[in-house]
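The following exercises ask the reader to work through a protein model step by step. Each task is followed by its solution.

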Amino acid sequence: MSQNAFDQWAPIASHRPWPRRVVDNEMWLQLAERLAAGEFTLLGLWGEPGAVHLALLGGSSAVAIASLACPDNAFFSIAAHHPPASRFERAIQDLHGLRAIGAPDARPWLDHGRSDTPAPYRFLPCEGEGLHQIPVGPVHAGVIEPGHFRFTASGETVVRLEERLGYVHKGIEKLMQGAPLARAAALAGRASGDSTVAFALAFARAVEAALGLEIPQRAIWLRALMAELERLANHLGDIGAICNDAAFALMLAHCSALREQVLRACAACFGHRLTMDAVLPGGVAVDLDDGKKPILRELVARVRAGFPRLVRLYDDSASLQDRTVGAGKLDPALARRFGAGGFVGRASGRAFDARRDLAYPPYDQLAFEVPVFSEGDVNARVWVRIKEVEQSLSLIEQILARLPTGEASAALGEGAGEGLALVEGFRGDILAWVRIANGAVERCHLRDPSWLQWPLLEAAIEGNIVADFPLCNKSFNCSYAGHDL
């Protein structure tokens, strides 16, 4: 982040690895204006009693955090200048009672009204001749998480989609408050079950930064191995599910079979199909026996043998291409404005990948490419996943070939401090911020990539037919649980 007025504020000494600065209202508003001008990218906005925190990504890939005291339980709205902050501010109001002055939308977000007579939720108006509304959810067909989608349509064409989420709010931040680090790590790994490794890794790296702890090299490489297996399993599942929503069930069957092989390999090597509770502050809870390396090498060989045929099947099926090409287009400018990560951003030209651009180990020693497309449609989001499957297979091979020997964990001690981490999950960058005192969590905030992707789904579906929503929705595959906290 370049030298500017913000850099003149003294950083909090105990915050690592990037600086956190306590600013005043004037500086807070300057940062909001610079966000609006595109100088920074919004990484996160969260609160605690009496204060709000703003995490920013600069053009030089540096990260900084601005904090503002709220003695009157109010702060000037970032969303008034930069709309991607709106849902964060609404959540801060619900969770901490801090009001965003001048906010464009003051409706509750996570709070669904616990009083006996809650006021009806006001969906945004949409006017025009012949428009009708279609309410969907929060309970859906199939075993999926709850979320409400309010469509306004003209005939079959979607004019507006408005989401209402928060139905799976778990109170993770409150549960973490005062929790021992091991308990908090388990909670982090359950923020969104399909990203358990990525969330646990983000939390662990934030804790280790706060404590100034260096962990063994073997643990670092094992974490990356687990993360790439998680990415591989999820991308295979998504590719099949997207095709299934386009009535091409054959791809779902074949991709599900490959995903099942990944999950079985994880269970055999790390004791859990999702590799849950394997990453902890200080290292990993389970080591990889040398005798089990062949299981993973055989897995890579099987996916390498079967996956290219599925790619050809996808690419050569005209009926499938007719559904995915051109559907659910996300404007690259909007993807940049919202700082969309993962396959959502990379399918619309935003090339950010925390593994490369923030270069945390061992990715700074590994060779991989970040696939980027510009079309921004369902097809592009499928192709990002296809290319990332290929990259993950290569990364798994590299890690197995270079896995260091030695210990797989280090003692934590009883230190104190603050830490922030960004790691790349399969959906995109995951943020974790933690404050530790007396060996326990004093405050913690986790930010799923879906916070910045869900609003973009509303934009991408406009102009599409209602029947294409499941296809577009699955191509985004935003997390409900990770978003709802």
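**Exercise 1.** Determine in which sense strand β4 and strand β5 pair, and over how many bridges.

*Solution.* Strand β4 covers residues 51–57 and strand β5 covers residues 63–69; they pair in the antiparallel sense over seven bridges. Strands pair if DSSP finds at least two bridges between them; strands (E, at least two residues) and helices (H or I, at least four) are DSSP runs, numbered from the N terminus. Within this pair, Ala 51 stands opposite Ala 69 of β5. The model is predicted: local features need pLDDT of at least 70, side-chain atom pairs count only at pLDDT 80 or more, and totals for chains, interfaces and linings use all residues. Residues are numbered from 1 along each chain as its sequence is written, and side-chain values use heavy atoms, with hydrogens and water left out.

**Exercise 2.** State the order of the strands in the sheet, and identify the helices that pack on it.

*Solution.* First, the order is β2-β5-β4-β3, an open sheet of four strands with mixed pairing. Its edge strands, β2 (20–23) and β3 (41–48), each pair on one side only. Neighbouring strands are turned by 20° against each other on average, direction ignored. Next, helix α1 (residues 25–36) packs on the sheet and touches β2, β3, β4 and β5, its direction making about 35° with that of β4. Helix α2 (residues 86–96) also packs there, touching β3 and β4, and its direction makes about 10° with that of β3. Axes are lines fitted to C-alpha atoms, for helices over the stretch in contact, and angles run from 0 to 180 degrees between N-to-C directions; contact means heavy atoms within 4.5 Å.

**Exercise 3.** Describe how helices α4 and α5 meet, and decide whether Glu 208 is buried or exposed.

*Solution.* The axes of α4 (residues 181–188) and α5 (residues 196–211) come within 8 Å and cross at roughly 145°. On the α4 side, Leu 181, Ala 184, Ala 185 and Ala 188 take part, meeting Phe 199, Phe 203, Val 207 and Leu 211 of α5. By class, this contact has eight nonpolar, no polar and no charged residues. Nonpolar here denotes Ala, Val, Leu, Ile, Met, Phe, Trp, Tyr, Cys and Pro; charged denotes Asp, Glu, Lys and Arg; the others, Gly among them, are polar.

Glu 208 also lies in α5. Glu 208 is buried, with a relative accessible area of 7%; buried means under 20%, exposed over 50%, and partly exposed in between (1.4 Å probe, protein chains only). Leaving aside neighbours within four places in sequence, Glu 208 is in contact with Leu 213, Ile 215, Arg 223, Leu 280, Pro 281, Gly 282 and Gly 283.

**Exercise 4.** Explain why helix α15 is largely enclosed by the rest of the structure, and name the residue that follows α15.

*Solution.* Helix α15 (residues 469–476) is largely enclosed because six of its eight residues are buried. The buried residues are Phe 469, Leu 471, Cys 472, Asn 473, Ser 475 and Phe 476. After α15 comes Asn 477, whose phi is positive, near 45°.
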